[in-house]
Amino acid sequence: MAEAETILAGGIDTENSVDGVTSFVMPARPYPGLRPFKVSEWPIFFGREVMTEEVIDRLVRQRLVVVHGASGCGKSSLIFAGVLPQLGRKARQRRQNLKLAEMRPGRAPLRTMAEALASGCGIADVDALHRALNRGRGASAELEALLAAADVSRVCLYVDQFEELFRFAKDGSAEEAALFVEALIGISGTGEEEALWWEAPATQPDVPAVATPSRVRLMLSMRSEFLGDCARFTGFAEVVNKTQYLLPNMSRGDLLRSIREPVELFDGSLDRALAERLVNEATLEADPLPLVQHALMRLWQRNTTLTLADYEAAIGAGNARGLSRLLAEHADEVLGRHANPDDPAAEQLFRALTDIDPAGRAIRRPQRMDRLLALVPEADQPRLRAIMDDFRAEDVAFLRPNCDERASPLPDDQIIDISHEALLRAWPRIADATLDPATGAPRGWLHREFEDGLVWRSLAVQARAFRDDPEACLDPATTGKRDIWYRAAGARAAWANRHLIVKSGVAPGDEPEWKGVDALMEASRRERERARKRRIWGFALLAGMVILLVISLALAAWGYSADAERQKLRAKAEEKAALKSVLLAETLSEETVTNSRSQLAQTKVGSEPVQLGTDLAVWLGSDLRPNVLAADGTAVLPSRLKQGDRVQIVTETIARSGLPSGADYRMADGLGYLAKGATVEIVSAPTVFQRASARQYWAKARGEVIPLGTVFVQFGGGSSSDAKALAMSREHVRLLANGLKRYGFTVPGEERVAVSPGMSEVRFFHAADRDRARLIASIVVQVGNGAKLDLRTPVQKDMSGQPRKTPPGVVELWIDLTPPADGTRNRSKYLPPTAAEAAVASEGR
């Protein structure tokens, strides 16, 4: 068994007898600060009298009392300055020999417990006590015998910070932690009948054995958030349920007494306004009592008359969290005595003394003195000792043991710990989780350590792969970042030992995982250097190729300049030839259109509806603009339709051979169109297409469609003397015609007319073609946009009264290309289509 490490809880000092805890010696000041109250400070401990008596009453009646509560509620102070002194006074009044001992689990709980009992009871044979405790639940009988042999009738052992045992079970020895709990269960004797502790001394011969109380009483204290961890140990949850005491919050009156009465014992004063302010602010803090005591200590150090004005001057006007601010400023002040704010020795100290548990809570991490010194170079160790002494000073007491508990120099096996976790939450240098924009790392030391631990573990995992495959180095970019980090943080074996995934128990520098990461980094550096040289050669080769390319381009430019004049002459000749070709093409196109009209005059192009099967796909509209009504004419949402429903079409709609397809919402071929008010039967559940404008609904349907018919495209305007402009106009109109063909219309050709119509028009010659003309007018703008024509919605012109007739189902689309004086593309007096019209045209119609 390893030797127990030295630690002082600050409660019981050199004298563990009743006289030692009941003697009246006035403390040095009225407020202890951040650390818990000591036993000797019972004269200035106010406000917990009722709770003190409740704990003592339980302790007299049962062997074990588990005191728990939130962080900063005063558990340790209640025991040290309340229960232990009062218990001693009661024993003295009864002329009973009571021994007191205290401990913290630390890194060797069984040995530490044996040493605490030996020290408190004056027993020289620590090993015998240790062997007795190793018996687990059977420890009680052997322990009673050892105490009887030492003429100890009663001993009260206080185990402070019991939650440390859960960390020891995880990072130390789970077996020893379980054995320690078994010993506590055995000593507690829960469920056994016995007389009250005071009323039946263990030495009384005429008291039956069943009624004789145990010589040992136990008190444990821990934070309530760890209460559930007690169930890890078999049978311990049942013991805790029977013996627990949840420490209540102090009433407002008791809290005011604890603030105002101590200062009066030192001939000082504290005004009520300040006390009320401190009580109010305490409700905003996670660690109220330590922060209040620290604030009072700071104010007392400046003046024996404590006023609200002094407090506001210390924290600054308008600061509602002054308690935390006072603590943070005090810590910064102490840090500045021997270190600058970025001193790596101070940073390593507090990073080593803090941790984040699996539940994400900031917790203390007690460490041996020699392990802390190993974190910094030997030359920096004197400065690290000076920094620790500054934080251990009696008027600071941020680290334990305080200077009055253990003077410097501290031995190597001395355990160093943070006095209270309030420092972890209130001091931004530890707690700040925000990122530094300059480095990208957390500002707070606690979170910086946590992140560095993650980096180390990632390197350790990569080192395993590198061990099996020497080619598995870090890539050059990662090596660059990790090498800077490794040289600054990871290259210290003592630091890395904390974050090892697998520990073999050897010296930190001999750990296999440490050597593996070191080998990985060395190999990755060599590979990065080789990659750098390859890049240099690559850049040199690229530069040579660029130079050759520049020379080639210069020679080519010189050769091209010699032909510039010849090309200008050739361009003029080609322009004249192009004009002749365009005029000839117009003549041929007009002949083609004339022949098509002649053939069409002899053919009947019907406008009668045609019954189609289920191959018909129809656009039902969107959530914003439905394109259907119920069969009775009432409104209906496309999303509510189902197979078998009959609906009316709201506006002329293209009927297609299938549903849209592809990520670009590509339309199927047009079969005809459904007239406004046409009735169709839905034969498949609607299909939803998510588009930018809105969700679009389509369905297979059965109904009567009207053939799309024939469209003659005629255009006028533009310059007939400008060959390039003329050719471009014809090309754009041809694209427009092709777009109409893709919708399913028959377009025999495009005809240029000499006289512009003055506006874009859709002319129809039979009343039955009015819907067809309206449909073309609604989609021609969208098709024109695709053809690079900036068209406005054409006007529908009824030509049924004109003597010249075309067959039914044939309309003419007249496009005006004359640029008007205002710079627009056509002179139509109609406004552009609305956004809804454009969306409908693009989505379904």
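Helices (H or I, at least four residues) and strands (E, at least two) are DSSP runs, numbered from the N terminus. This is a predicted model, in which local features need pLDDT of at least 70 and side-chain atom pairs count only at pLDDT 80 or more, while totals for chains, interfaces and linings use all residues. Residues are numbered from 1 along each chain as its sequence is written, and side-chain values use heavy atoms, with hydrogens and water left out.

**The whole chain**

Of its 845 residues, 49% are buried; buried means under 20% relative accessible area, exposed over 50%, and partly exposed in between (1.4 Å probe, protein chains only). A contact means heavy atoms within 4.5 Å. Among contacts between residues at least 6 apart in sequence, 72% join residues at least 24 apart.

Next, select the five strands of an open sheet, whose order is 2-3-4-1-5 with parallel pairing. Its edges are strand 2 (98-103) and strand 5 (244-246), each of which pairs on one side only. From one strand to the next, the twist averages 20°; axes are lines fitted to C-alpha atoms, for helices over the stretch in contact, and angles run from 0 to 180 degrees between N-to-C directions. Two strands pair if DSSP finds at least two bridges between them. Strand 2 and strand 3 (residues 154-159) are joined in the parallel sense by six bridges.

**The largest cavity**

On a 1 Å grid over the protein atoms alone, a cavity is a set of points where a 1.4 Å probe fits but cannot get out, and a pocket is an open set with protein on both sides within 12 Å along at least five of seven lines; lining residues have an atom within 4 Å of a point. Grid points are joined across faces, edges and corners, and a volume is the space filled by probe spheres set on the points.

The structure holds four cavities of 30 Å³ or more, and the largest cavity has about 410 Å³ of space. Select Cys73, Gly74, Lys75, Ser77 and Pro290, which are the closest to its centre of the 34 lining residues. Two or more lining residues come from each of helix 3 (75-93), strand 4 (216-223), helix 10 (252-264) and helix 12 (288-302). Helix 12 gives the largest share, four residues. The lining divides into 14 nonpolar, twelve polar and eight charged residues. Here Ala, Val, Leu, Ile, Met, Phe, Trp, Tyr, Cys and Pro count as nonpolar, Asp, Glu, Lys and Arg as charged, and the others, Gly among them, as polar.

**The second largest pocket**

The second largest pocket contains about 620 Å³ of space. Of its 28 lining residues, Arg448, Asp452, Trp485, Ala488 and Ala489 are the closest to the centre. Helix 15 (344-352), helix 20 (445-468) and helix 21 (476-490) each supply at least two residues of this lining, and the largest share, six residues, belongs to helix 21. The lining of this pocket has twelve nonpolar, three polar and 13 charged residues.

**Ile356 and its contacts**

Select Ile356, in strand 8 (residues 354-356). Leaving aside residues up to four places away in sequence, Ile356 touches Arg361, Leu446, His447 and Phe450. The C-alpha atoms of Ile356 and Glu449 are 9.5 Å apart, although 93 residues separate the two along the chain.

**Backbone details**

Two loop residues have positive phi without being glycine. Asp267, with phi of about 60°, lies in the loop between helix 10 and strand 6 (269-270) and is exposed, with a relative accessible area of 74%. Ala397, with phi near 60°, lies in the loop between helix 17 (381-392) and strand 11 and is buried at 0% relative accessibility.

Then follow the chain to Pro401, in the loop between strand 11 (399-400) and strand 12 (415-418). The peptide bond from Arg400 to Pro401 is cis, with omega near 0°. Pro409 is placed in the loop between strand 11 and strand 12, and a cis peptide bond with omega of about 0° joins Ser408 to Pro409.

**Strand 24**

Finish at strand 24 (residues 761-764), where Glu761 and Arg763 point one way, Val762 and Phe764 point the other way, and all are buried. Strand 24 pairs with strand 25 (residues 795-798) in the parallel sense over four bridges, and Glu761 stands opposite Val795. Strand 24 also pairs with strand 26 (residues 810-816), in the antiparallel sense over four bridges; there, Phe764 has Val811 as its bridge partner.
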